[in-house]
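Please open the structure in your viewer and keep the selection tool at hand, as this tour goes from one selection to the next.

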Amino acid sequence: MRKLLASMTPQLHPEVHVFATLPPGALLPEGVEPIMRFIEREGTTLIVAESQAKAAGLAGTFRCRMITLDVHSSLEAVGFLAAITTRLAAAGMGVNPVSAFYHDHLFVPAERAEEALNLLRDLAADSVRSAQRLST
C-alpha cells in the first residue's frame, strides 16, 4: 500500500459533477452521459456533469469535482483507499470514492477540490519519505 501511495499522482478534473438518481426502469435522458451509473433496487445513481443534469431537468446533489488517482491499483489492494479517505476525513472533508478497473476516482466537494488535491499530494510525499526512511 505504501508503494501505491508514494507513486500516486492525483489529477483534478475541471468539470463540476453532481449525483442524480433515476427511478427503477427509467431511461437515461437525452444528452446525459454519466461518468458513472450504478443500478440499485431503489433506482439508478448517476454521476454526471452538472451542466448536463440541469439541461435534462435532473435534480443533482453533492456538487463535486473528480480527482483521478493516477496509479494503476489492484482491485484487491488493501488499505489504499482507507489511507486516502482517512487523510481527507482528518481535514473534515467528505469524499465519495469510486474504484474503476484502471484507477480510483474521488469525488470531493467542489469548493474544496484544490485543498483535497494538496492533501493527496502531501500524502504521496509523506509516503515517499517514509519509504526512504525504511530503505536506509
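The stops below begin with the sheet and end with the aromatic rings.

This is a predicted model, in which local features need pLDDT of at least 70, side-chain atom pairs count only at pLDDT 80 or more, and totals for chains, interfaces and linings use all residues. Residues are numbered from 1 along each chain as its sequence is written, and side-chain values use heavy atoms, with hydrogens and water left out.

Select the strands (DSSP runs of E, at least two residues, numbered from the N terminus, as are helices, runs of H or I of at least four). Six of them form an open sheet in the order S2-S3-S1-S4-S6-S5 with antiparallel pairing, where two strands pair if DSSP finds at least two bridges between them. At the edges lie strand S2 (36–40) and strand S5 (96–99), each pairing on one side only.

Next, select S1 and strand S4 (residues 61–69), which pair in the antiparallel sense over six bridges; Gln 11 stands opposite Thr 68 in S4.

Now select Phe 19 and Phe 107, an edge-to-face aromatic pair with 6.0 Å centre to centre and 85 degrees between the planes. Rings of Phe, Tyr and Trp (its six-membered ring) pair if their centres lie within 6.5 Å, and planes under 30 degrees apart count as stacked, over 60 as edge-to-face and the rest as tilted. The pair links Phe 19 in strand S1 (residues 10–22) with Phe 107 in strand S6 (residues 104–109), 88 residues apart. Phe 107 is buried at 2% relative accessibility (buried means under 20% relative accessible area, exposed over 50%, partly exposed in between, with a 1.4 Å probe and protein chains only).
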